[in-house]
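This briefing is meant for a reader meeting the structure for the first time. It begins with the chain as a whole and then turns to strands, helices and aromatic rings.

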Amino acid sequence: RLSRGRSESIRLSIRQSWANQLFALWGGPEVDLFAYFSDHKVENFFSLEPQSALGVDALVQDWTCFHMLYAFPPFSLLLQTIRKLRSCDAYMVLICPLWKSQAWFPLLLEMLCDVPRILPAQAIRTSNELKLTLIACLLSSRSSSQTEFRKTLPSSSSKVGQIQVGNNRDLRGPFGWLGHLNGRSITAIPL
């Protein structure tokens, strides 16, 4: 349960210029939850390398003092990260893989408050060659923000209250249909 697990064989981050584009779009975060000492997107950060970090394990820290968070967690911590956000009154810029079959994906769809953005390959900094589609999502624990966003989405044939996640081969929309939520269809667009 550490801020960035040492066992992760691939070191991932997004380039600062692409992070800045996201921050210009959605607002600047006050803290980077899963940073490296040598690569943090904002001044305040949690990291396994505690030099100048606010703390080590982002998941045990108090997030309630922050309004806007940035998170690119190890993939194994995505569900815990999204669940923890639910307990605070905050927004989060979350970077994650486009893995619709994962247990955390329906929860991510519920907490969206803007259209997810597909990150281009050149936005990703990695220690290994990686063939992975990453998305940036603006999430909120505030139901009012979630509801306002859903009102902007096109209607779908799903029933109200139903969450239906698209499969990875469904190519409706510019990069694929992500799912239905409360009678609305969610797609992603390129950044």
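The model shown here is predicted. Its chain contains four helices and 12 strands, and of its 191 residues 50% are buried. Among the contacts in the chain with a separation of 6 or more, 64% are between residues 24 or more positions apart. The accessible surface of the chain comes to about 9,000 Å², and carbon and sulfur atoms account for 50% of that area.

**The sheet**

- Seven strands build an open sheet with mixed pairing, and their order across the sheet is β3-β2-β4-β5-β8-β6-β12.
- The edges of this sheet are formed by β3 (45-47) and β12 (189-190), each of which pairs on one side only.
- Helix α2 packs on the sheet and touches β2, β4, β5 and β8, while its direction makes about 165 degrees with that of β5.

**Strand β4 and its neighbours**

- Strand β4 covers residues 68-71, where M68 and Y70 point one way and L69 and A71 point the other way, although all of these residues are buried.
- On one pairing, strand β2 (residues 31-35) runs parallel to β4 over two bridges, and within β4 the bridge partner of D32 is Y70.
- In another pairing, β4 and strand β5 (residues 91-97) are joined in the parallel sense over four bridges.
- Y70 also has a bridge partner in β5, namely V93, whereas L69 stands opposite M92 of β5.
- Together with helix α2 (residues 78-86), the strands β4 and β5 make a right-handed β-α-β unit.

**Helix α1 across the strands**

- Helix α1, which spans residues 16-26, lies across β4, β5, β6 (117-119) and β8 (134-140), and it runs at about 30 degrees to β8.

**The hairpin of β10 and β11**

- Strand β10 (residues 177-181) and strand β11 (residues 184-187) run antiparallel and are joined by four bridges, with T187 in β11 as the bridge partner of W177.
- These two strands form a hairpin with two residues between them, and N182, which lies in the turn, has a positive phi of about 50 degrees.

**Aromatic pairs**

- The count of aromatic pairs comes to three, and one of them is the edge-to-face pair of F23 and Y70, with 5.7 Å from centre to centre and 85 degrees between the planes.
- Because F23 belongs to helix α1 and Y70 to strand β4, this pair ties together parts of the chain that are 47 residues apart in sequence.
- F23 and Y70 are both buried.
- F75 and W99 have ring centres 5.1 Å apart and planes at 75 degrees, so this pair counts as edge-to-face, given that the category takes angles over 60 degrees.
- F75 sits in the loop between β4 and α2, and W99 in the loop between β5 and α3 (105-111), so the pair ties together parts that are 24 residues apart in sequence.
- F75 counts as partly exposed because its relative accessibility is 23%, which falls between the limits of 20% and 50%, and W99 is likewise partly exposed, with a relative accessible area of 29%.

How values were computed:
Residues numbered from 1 in each chain as written. Predicted model: local features only at pLDDT ≥ 70, side-chain atom pairs only at ≥ 80, totals over all residues. Heavy atoms only, no water. Buried < 20%, exposed > 50% of the residue type's maximum accessible area, 1.4 Å probe, protein only. Pairing = 2+ DSSP bridges. Right-handed = clockwise from strand over helix to strand, strands pointing away. Contact = heavy atoms within 4.5 Å. Axes fitted to C-alpha atoms, helices over the stretch in contact; angles between N-to-C directions. Areas by Shrake-Rupley, 256 points an atom, 1.4 Å probe, with all protein chains shown as cover. Phe/Tyr/Trp six-rings, centres within 6.5 Å; stacked < 30°, edge-to-face > 60°.
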